[in-house]
Amino acid sequence: EKDGYPSFMEKEIHDQPSAVEQTLLGRLDESGRLTLDEIKIDEAVLRSIDKIVVIACGTASYAGQVARYAIEHWCRIPTEVELAHEFRYRDPIVNEKTLVVAVSQSGETMDTLMAVRHAQEQGAKVVAICNTNGSTIPREADAVLYTHAGPEIAVASTKAFLAQITAAYLLGLYLAQLRGNMFKDEVATMLTELEAMPAKIQRVLDEIEGDVKDLGQAMKDASSVLFLGRHVGFPVAMEGALKLKEIAYIHAEGFAAGELKHGPIALIDEGQPVFVIVPSPNGRDSLHAKVVSNIQEIRARGAVTIVIAEEGDEAVKDFANHIFYVPEAPTLLQPLLATVPLQIFAAELSSAKGYDVDQPRNLAKSVTVE
Ligand code: F6R
């Protein structure tokens, strides 16, 4: 079942090119338009929504946070991402003009289910992004967009995360197309970029897995690891930290790189390992330069910097103690690549410490109690 891998998690990390590919499959009609037949919500309703609220827990919430950047950019609809257990208890402003997107691998997470019910009671339509056919959340939602990642056995979520981002992007492109925010050829171009991702994810696995594992082994006695990212790299940083907490029981935290000087930089001292997810140098604005200067700042204070950057990015090399290059991709799609080394690192570190990678202590695969 593990296809010869030592753990389900490792197998599932390797399933990721196919998880993304399967989630994208069959989305174009003869005229080259994106179709999402599953979204059986009246188009007039989808045109009238004025807010999107993504509700989810854990890794699924980070997928939602990544997707928010894309959805707001493509659809110009204000989008919030909220932990399902917080959402319900704060009297959220949700109505017929709100589209709620519930993201859940298992489809059984009680916190998310309760939030779905609460949103529906307020008149909102709910689209579920789910990996488990026929589970409770998709049954109760108004529409479902299934991720086709295949069964995820390891407690720590990997391939579901990439598939959730992919599905949420499809939803964003679909809404942008429907509402006239994007031209047909703009949608088609982004879909072509998405379709190129499985091969790029495969390249990450083929080209850097060995080196990331060596680093995981070398760092097995680390007592704290920090992760920095900006824009879509920020939720990726939090996801990298969550993986490490879950399966290697190491204190880890993900920060927005811009937040460093507002507090977290005080944590940096000699030898502190810090992963930094560097945006593409070809991307928008000055994101790249800002993150590079963050790397310089923490290096100057003794941090051991582990940099994930786009291939060809020479500017970061001088400040990196370790560097892992991932293939070039549009900024919004970089999370599908940059997350992979963080997953490999966590799995390797966990196994180097002799822990059960697939069944971490105190955790269950699906949390069916509130
Ligand atoms: C992290 C992890 C959890 C789940 C969370 C939501 O590796 O597995 O954080 O992502 O419990 O679960 P689902 O997606 O099943 O609702």
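Start by selecting Ile-41, which sits in the loop between α2 and α3 (43–48). The model on screen is a predicted one. With a relative accessibility of 6%, Ile-41 counts as buried, since the cut-off for buried is under 20% relative accessible area. Show what surrounds the residue: setting aside residues up to four places away in sequence, Ile-41 touches Leu-46, Leu-99, Lys-125, Val-126, Val-127, Asp-142 and Ala-143.

Is Thr-305 buried or exposed? Its relative accessible area is 0%, so Thr-305 is buried. Display the side chain and the backbone of Phe-319 together: the Thr-305 side chain reaches the backbone oxygen of Phe-319 at 2.6 Å. Then widen the selection to the contacts of Thr-305. Apart from neighbours within four places in sequence, these are Val-274, Ile-295, Ile-298, Arg-299, Phe-319, Ala-320, Asn-321 and His-322.

Now turn to a pair of helices. Select α2 (residues 16–24) and α8 (residues 159–178), which pack with their axes 9 Å apart and at an angle of about 25°. Angles under 35 degrees count as roughly parallel, and α2 and α8 are therefore roughly parallel to each other. The crossing of α2 past α8 is right-handed. Which residues of α2 and α8 make the contact? From α2, show Gln-16, Ala-19, Val-20, Thr-23 and Leu-24; from α8, show Lys-159, Leu-162, Ala-163, Thr-166, Ala-167 and Leu-170. Coloured by type, the residues of this contact are seven nonpolar, three polar and one charged.

The last stops concern backbone torsions. Most residues other than glycine have a negative phi. Select Arg-76, in the loop between α4 (58–75) and β2 (79–83). Arg-76 is not a glycine, yet has a positive phi of about 55°. How large is the relative accessible area of Arg-76? The value is 61%, so Arg-76 is exposed.

Finish at Tyr-249, found in the loop between α11 (233–248) and β7 (251–256). Tyr-249 also has a positive phi, of about 55°, although it is not a glycine.

Key:
Residues numbered from 1 in each chain as written. Predicted model: local features only at pLDDT ≥ 70, side-chain atom pairs only at ≥ 80, totals over all residues. Heavy atoms only, no water. Axes fitted to C-alpha atoms, helices over the stretch in contact; angles between N-to-C directions. Helix = DSSP H or I, 4+ residues; strand = E, 2+ residues; numbered from the N terminus. Parallel < 35°, antiparallel > 145°, perpendicular 65-115°, else oblique. Left-handed = near helix turned anticlockwise from the far one by under 90°. Contact = heavy atoms within 4.5 Å. Nonpolar A, V, L, I, M, F, W, Y, C, P; charged D, E, K, R; others polar. Buried < 20%, exposed > 50% of the residue type's maximum accessible area, 1.4 Å probe, protein only. Polar contact = N/O pair within 3.5 Å; in protein donor to acceptor, adjacent residues only side chain to side chain.
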